[in-house]
Amino acid sequence: PCAFEEYFPRIEAVILFGEPVRWETPLQLIIDVLLTNGHPADDLVDIPYPHIPVLACNMDLLWMSEHKLPRLGHGCFMSALEGLYQKITGKEMKYTALIGKPSELTYHYADFLLTQQAKLLGIDHIRTIYCVGDNPETDIYGGNLYNRYLQRRKHINGQVQGKKLRIAATPQAHADFLDEDEEDESEDTLMFQSHSGANLRVIRSLEEDTSGVEKAHSCESILVCTGVFNTNTGFVTVSSNKLFSHNHRDFVIDPTLTTPSHVVPNVLEAVKLVFEKEEFS
């Protein structure tokens with residue numbers, strides 16, 4: 001409470017970037033804002049639902065520092081916030097968007113930025129994107145998910161081009177043929193978006209805006225053993241059938257996408273591998 005309450009503007013959204021140093025106060029403040037529709041100084045009458053928008057990134061449950069044991073990451077803070085909100089209200093906290101690894105949206109943006117940088121260097125097109133990371137469930141999964149998208153996009157474009165040639169060669173093409181083409185493309189679009197979490201509508205919109213934009217041909221994932229993933233521990237594993245998951249609540253992970261294209265001891269070896277594959281010396 002303070003003398004400026006009547007002049008305090010309504011808080012319109014909550015954006016989560018990373019875990020705080022001390023959790024208690026941020027958890028209390030965010031809960032206050034969600035329960036009062038952005039007016040934390042107001043009396044609590046009816047709990048608004050849906051609540052004001054919440055956006056979050058950096059969903060890794062664990063990360064590694066110099067300490068031998070994994071540190072609690074922003075994913076842990078998000079889990080605590082979600083649990084508290086549900087415990088207090090009896091309802092599930094909803095995210096407007098989840099951005100960052102392993103969200104597919106992040107890799108669309110990364111591809112766009114890499115293409116812009118390449119053009120500044122006089123490079124017309126990027127063939128391969130290499131994703132280097134130490135967490136199979138975020139870094140590797142995200143890279144493999146985007147590669148799946150690129151391969152299906154290539155397949156769809158090939159089908160569309162082939163059918164356009166067939167239509168051009170047949171002046172009186174049947175209307176049902178064109179309808180069938182649209183249905184096939186829509187079905188495949190749903191397939192590669194099925195694991196994209198809270199951002200499906202955003203990705204669909206982005207796909208419409210970038211349908212004619214050239215993207216990379218493929219995306220390869222390189223797992224390093226100097227972080228969360230370590231061959232000597234069981235904190236994070238590759239293609240595991242374990243009953244628990246470190247992924248965020250809203251991401252259904254396909255275990256096959258946690259398998260990296262390559263595994264190397266450290267980042268230096270990852271760079272050497274890329275140089276070797278690209279025949280660059």
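Here are a few notes on this predicted model, starting with its nonpolar cores and ending at its surface.

1. Start with the largest nonpolar core, which has 24 residues. Val14, Leu16, Leu34 and Tyr95 are the ones with the most contacts inside it. Several elements each supply at least two residues of this core: strand 1 (14-16), helix 1 (24-35), strand 2 (54-57), helix 2 (74-89) and helix 4 (136-169). Helix 1 gives the largest share, 6 residues.

2. Next, have a look at helix 2. Its 16 residues reach 22 Å from first C-alpha to last, close to the 22 Å expected at 1.5 Å a residue. Its buried residues include His74, Phe77, Met78, Leu81, Glu82 and Tyr85. The buried residues of helix 2 pack against strand 1, helix 1, strand 2, strand 4 (71-72) and strand 5 (97-99). Just past the end of helix 2, Gly90 has a positive phi of about 80°.

3. Val132, Val267, Val271, Phe275 and Phe280 make a nonpolar surface patch of about 450 Å². Helix 7 (residues 267-277) gives the most to the patch, with 3 residues. Phe280 sits in the segment after helix 7, and Phe280 counts as exposed because its relative accessible area is 53%, where the cut-off is over 50%.

Notes:
Residues are numbered from 1 along each chain as its sequence is written. This is a predicted model: local features need pLDDT of at least 70, side-chain atom pairs count only at pLDDT 80 or more; totals for chains, interfaces and linings use all residues. Side-chain values use heavy atoms; hydrogens and water are left out. A nonpolar core is a set of buried Ala, Val, Leu, Ile, Met, Phe, Trp, Tyr and Cys residues joined through side-chain atoms within 4.5 Å. Buried means under 20% relative accessible area, exposed over 50%, partly exposed in between (1.4 Å probe, protein chains only). Helices (H or I, at least four residues) and strands (E, at least two) are DSSP runs, numbered from the N terminus. Patches are made of residues with over 30% relative accessible area and no salt bridge: like charges are joined within 9 Å, nonpolar side chains (Val, Leu, Ile, Met, Phe, Trp, Tyr) within 5 Å. Accessible areas come from the Shrake-Rupley method with a 1.4 Å probe; for residues, only the protein chains shown count as cover. A salt bridge is a side-chain nitrogen of Lys or Arg within 4 Å of a carboxyl oxygen of Asp or Glu. The expected span of a helix is 1.5 Å times one less than its number of residues. Contact means heavy atoms within 4.5 Å.
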